[in-house]
Amino acid sequence: MSPPALLALACLAGLIIYTFYCAVWRIYLSPIAHIPGPCFAALTFWNEFYYDVWLGGKYTWKLLDYHEQYGPVIRINPHEVHIKDAEFYDELYIGGSKGKSNKWFWSMRMFGQQDVSAFDTLDHDKHRQRREPWSPYFSKQSVTRLQPLLIQAVVDKLCLRLREYQIAGKPVVMTHAFSCVTCDIISEYSFTEGYNLLEKSDFDSSHYEAWIGLTKMCHVLKQFGWLYPLLDSIPMAITKWTSPEMYLILQGQRFLLKQATELSKQRGKPDYKETTSRPSMLKAFMDSPLLPESEKAPPRIKAEAQTAIGAGTLTTTHALKAGTYHILANPDVLSRLMTELEERIPDPSKPPTLKDLEQMPYLQAVMHETLRITYGTAHRLQRIFPDRTLQYKDIAIPPGTPISMSQLHMHEDERYFPNPYKFDPGRWQVPNPPYKYLVPFGKGSRI
């Protein structure tokens, strides 16, 4: 037998041995081998690949079938354990004072960046450091201060644009309109230069569709972590031709990196404070005494900006469009809401404050029901406890295990939300509303 044939045979034998070893270890020797669940899921990630990539994000619903068969605690891939028990949610998603919880590198790959921004930071302590500058910037006090200066101004601009469409007799794709509103607010607040999408002749759809295109790639990026760096390395001219959505995302990243780089250069100038008087999240991060200089590099600050624009645009747009549909699709909800608004806002030329809005009980009920049916993130959020065992009844989950729960499962649990597929604001006006089980953006100290 020739040397090349011997080498090929040796490689094949090695692959067979390695595959056999992995199979035996995952099924019988893994620290979570005692956790029940489908054998194929414990053996390989291809099970999740089939439901999330091939079928298009269906694994969340398949998990319901697995829980029905195997119980509230199941193994859903070679390394991860999933729990379906709403009463256990606070035990998994904890505050920093209760212990350390890390994120899982494999799952974080789905967002196209890893261990760069506060959101995708894996280590508990590093996340705590990176999160500190976010807290005051997005506190309720800051949002209250922003309402008349920024939020109301953008909403007024939206009303003017809708009036233009009304006069012209043109239909409006409200998803795109809402996307422009949310993007303009978050970009104006966060960056040295806002996007001003509402000023375009037609409501900008490309920005929203680009982010939707990226979300459709999330499951592929999670399975194949090398794919995003590869796409990022392709010349922009080729990307624009082969994938217009990815081109817009990468173009947006370069825009943010440019802003962060320019701001970083200005920091060394004597007149820095005078030339950068416009407040922004980028500037707040650059100037934060809570971050060491190593954390203020333009690429990292760009990653924080990308997190803000992505999360601030998609989740809020989805909530607004879903809420609008369900209000209009339910005449009784629309009638009751309009009655309350007309009573509480007798003069539309004088917009209510945030405090006024919070004192409108039915509006608050509609808001909570909208958040229930939209669940800010549908994908499960893994947590890893590096230094302690998590105990669920008689099942011990060892340290270092990625453990997850799903907001969708919480919000559609009939024990707490009877008739969960009905849009019913009234469920929030009972003596003891189920606020505990409303977790559209998760809980705990991790973001």
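First, some ground rules. This is a predicted model, where local features need pLDDT of at least 70 and side-chain atom pairs count only at pLDDT 80 or more, while totals for chains, interfaces and linings use all residues. Residues are numbered from 1 along each chain as its sequence is written, and side-chain values use heavy atoms, with hydrogens and water left out.

Let's start with two helices. Helices (H or I, at least four residues) and strands (E, at least two) are DSSP runs, numbered from the N terminus. Helix α18 (residues 331–344) packs against helix α20 (residues 361–374) at an angle of about 135°, and their axes are 8 Å apart. Here, axes are lines fitted to C-alpha atoms, for helices over the stretch in contact, and angles run from 0 to 180 degrees between N-to-C directions. That makes α18 oblique to α20; angles under 35 degrees count as roughly parallel, over 145 as roughly antiparallel, 65 to 115 as roughly perpendicular and the rest as oblique.

Which residues make the contact? On the α18 side they are Val333, Arg336, Leu337, Glu340, Leu341 and Arg344, and on the α20 side Pro361, Tyr362, Leu363 and Val366. Contact means heavy atoms within 4.5 Å. Sorted by type, the residues of this α18 and α20 contact come out as seven nonpolar, no polar and three charged (Ala, Val, Leu, Ile, Met, Phe, Trp, Tyr, Cys and Pro count as nonpolar, Asp, Glu, Lys and Arg as charged, and the others, Gly among them, as polar).

Now for the salt bridges. The structure holds 22 of them, each one a side-chain nitrogen of Lys or Arg within 4 Å of a carboxyl oxygen of Asp or Glu.

| Residue | Partner | Closest N and O atoms |
|---|---|---|
| Glutamate 80 | Arginine 380 | 2.6 Å |
| Lysine 170 | Aspartate 202 | 3.6 Å |
| Arginine 427 | Glutamate 369 | 3.1 Å |

Are they buried or exposed? Glutamate 80 counts as buried at 0% relative accessibility, and arginine 380 is buried too, at 2%. Buried means under 20% relative accessible area, exposed over 50%, and partly exposed in between (1.4 Å probe, protein chains only). Both residues also belong to a network of salt bridges that links Glu48, Asp52, Glu80, Lys222 and Arg380.

As for lysine 170 and aspartate 202, lysine 170 is partly exposed at 41% relative accessibility, and aspartate 202 is partly exposed at 44%. Arginine 427, by contrast, is buried at 9%, and glutamate 369 is buried at 0%.

Next, arginine 300, found in helix α17 (residues 298–329). At 7% relative accessibility, arginine 300 is buried. Leaving aside residues up to four places away in sequence, arginine 300 touches Val116, Ser117, Ala118, Arg130, Leu291 and Glu295. Arginine 300 is also 185 residues from aspartate 115 in sequence, with 9.5 Å between their C-alpha atoms.

Finally, a look at two asparagines. Asparagine 196 has a positive phi of about 55° although it is not a glycine; asparagine 196 lies in the loop between α10 and α11 and is partly exposed at 32%. Asparagine 419 has a positive phi near 50°, lies in the segment after α21 and is partly exposed at 48%.
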